[in-house]
Amino acid sequence: MNNYIIDSMAQVGCGVSDTKDIAKIANTLSSKQKDILDGWHNLGKNIPLKGEYQEIAQELNSQFSDDDIECLSAYINASRNINK
């Protein structure tokens with residue numbers, strides 16, 4: 001696992017074992033789910049979303065705890081930063 005991802009995850013309180021679990025979950029998410037999580041990481045969870053994105057955000061909120069969402073958001077953001 002990339003050190004940048006591990007460091008980014010640690011900044012939001014996710015340990016190395018969390019990172020491995022989160023990576024597995026992140027690999028199952030759609031690109032739209034990842035877009036929302038990345039947006040939440042960068043702009044906060046209260047960003048306004050429209051249409052289908054609002055529904056996807058509601059699904060994410062019902063499927064994952066706030067802690068999991070924070071870890072997933074950090075993971076998605078860090079992954080995208082190293083894969084640019």
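**Notebook: a core and its helices**

I started at serine 73, which touches Leu37, Trp40 and His41, not counting residues up to four places away in sequence; contact here means heavy atoms within 4.5 Å. A note to myself on the source: this is a predicted model, in which local features need pLDDT of at least 70 and side-chain atom pairs count only at pLDDT 80 or more, while totals for chains, interfaces and linings use all residues. Residues are numbered from 1 along each chain as its sequence is written, and side-chain values use heavy atoms, with hydrogens and water left out.

Serine 73 lies in helix H5; helices are DSSP runs of H or I with at least four residues, numbered from the N terminus. I count serine 73 as buried because its relative accessibility is 4%. The cut-offs are under 20% relative accessible area for buried, over 50% for exposed, and partly exposed in between, with a 1.4 Å probe and protein chains only.

Next I looked up asparagine 77, also a residue of H5. Buried or exposed, at 10% relative accessibility? Asparagine 77 counts as buried. Its side chain makes a polar contact with the side chain of asparagine 42 at 3.2 Å. For that term I use a pair of N or O atoms within 3.5 Å; within protein, one must be able to donate a hydrogen and the other to accept it, and residues adjacent in sequence count only if both atoms are side-chain atoms. Beyond its neighbours within four places in sequence, asparagine 77 is in contact with Asp38, His41 and Asn42.

Then I turned to the largest nonpolar core, which has 22 residues. Such a core is a set of buried Ala, Val, Leu, Ile, Met, Phe, Trp, Tyr and Cys residues joined through side-chain atoms within 4.5 Å. Which helix gives the most to this core? I found that H5 does, with seven residues. Met9 is among the residues with the most contacts inside the core. Leaving aside neighbours within four places in sequence, I see methionine 9 in contact with Cys14, Thr19, Ile22, Cys71, Ala74 and Tyr75.

On to H2, where the buried residues are Thr19, Ile22, Ala23 and Ala26. They sit on the same side of H2 because they cover an arc of only 105 degrees around the axis, taken from the directions from the helix axis to the C-beta atoms. These buried residues pack against H1, H3 and H5. The face turned away from them carries the exposed residues Ser17, Lys20 and Lys24.

Notes. Helices (H or I, at least four residues) and strands (E, at least two) are DSSP runs, numbered from the N terminus.
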